[in-house]
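The structure comes first, then the details.

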Amino acid sequence: MFTISLLEPIKKTSDYISINNPHHFRDFCRVLYKYLNLYLPLYNNELVLMCIGTDRATGDSLGPLVGYKLKDFNHSNIHVFGTLDRPVHAKNLADTISYVKLLHPNALIISIDACLGSLEKVGCVSIGEGSIRPGAGLKKELPAVGDLHIIGIVNVSTSMNMAVLQNTRLSLVMNMAELIASGIRHCTNLYNYRINVKK
């Protein structure tokens, strides 16, 4: 069920925001809002948040935690997939992608997942263009997903990634989930307010 990600090649360099930076919320929102303004008009202002992972390992629970924090979204143009109660993980990822494409064929998809990386990037959230391939860090063959991605680097990649996932600090994952969820909430509220004012 574990779906720890590695980044697919993307069109531009990703932006990294450290949760230890005192201005991390401002920096996260600045980058995310830039991407929403650039891409959402091309996708009929419809957004799908694909929150990938499982709560069976603390290191892989970032996506479901973000989905849980956003499950009460009441915007008709924003759809959340992947929560603690109904996670999107390795076993149902392909079916979920097919379901999303059927229900929301023209929506912008932002994939949200945890990632293992280098020591200096641990504690950083990456926002960028392009898809991710969940499961690549655990040698799983799963479909790529996302037009944009938000990745939290939760621990160091080693030869024992499964054990690393099981021993990742929950406090780090929770802090990342709070940043991502609150940033998404703020930026999408701002974006929807702006486009509604223009009508």
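## Largest pocket

The lining of the largest pocket divides into 4 nonpolar, 4 polar and 1 charged residues. Here Ala, Val, Leu, Ile, Met, Phe, Trp, Tyr, Cys and Pro count as nonpolar, Asp, Glu, Lys and Arg as charged, and the others, Gly among them, as polar. The lining residues are Val80, Phe81, Gly82, Thr83, Arg86, Pro87, Val88, Asn92 and Thr96. The pocket holds about 170 Å³ of space.

On a 1 Å grid over the protein atoms alone, a pocket is an open set of points with protein on both sides within 12 Å along at least five of seven lines; in a cavity, a 1.4 Å probe fits but cannot get out; lining residues have an atom within 4 Å of a point. Points are joined across faces, edges and corners, and a volume is the space filled by probe spheres set on them.

## Model basis

The model is predicted: local features need pLDDT of at least 70, side-chain atom pairs count only at pLDDT 80 or more, and totals for chains, interfaces and linings use all residues. Residues are numbered from 1 along each chain as its sequence is written, and side-chain values use heavy atoms, with hydrogens and water left out.

## Largest cavity

The structure has 1 cavity of 30 Å³ or more. The largest cavity holds about 40 Å³ of space. Leu40, Asn45, Leu47, Asn77, Ile78, Thr188, Tyr191 and Asn192 line it. They divide into 4 nonpolar, 4 polar and no charged. Helix H5 (residues 170-198) gives the most to this lining, with 3 residues. Helices (H or I, at least four residues) and strands (E, at least two) are DSSP runs, numbered from the N terminus.

Asn77 sits in the loop between helix H2 (62-70) and strand E4 (78-81). Asn77 is buried, at 16% relative accessible area. Buried means under 20%, exposed over 50%, partly exposed in between (1.4 Å probe, protein chains only).

A polar atom of the Asn77 side chain lies 2.8 Å from the backbone oxygen of Asn45.

## Cysteines

How many disulfides does the structure hold? There are 0. A disulfide is a pair of cysteine sulfur atoms within 2.5 Å. The sulfur of Cys187 is 3.9 Å from the closest cysteine sulfur, in Cys29, too far for a bond. Cys187 is buried, at 1% relative accessible area. Cys124 is also buried, at 8%.

How values were computed. Polar contact = N/O pair within 3.5 Å; in protein donor to acceptor, adjacent residues only side chain to side chain.
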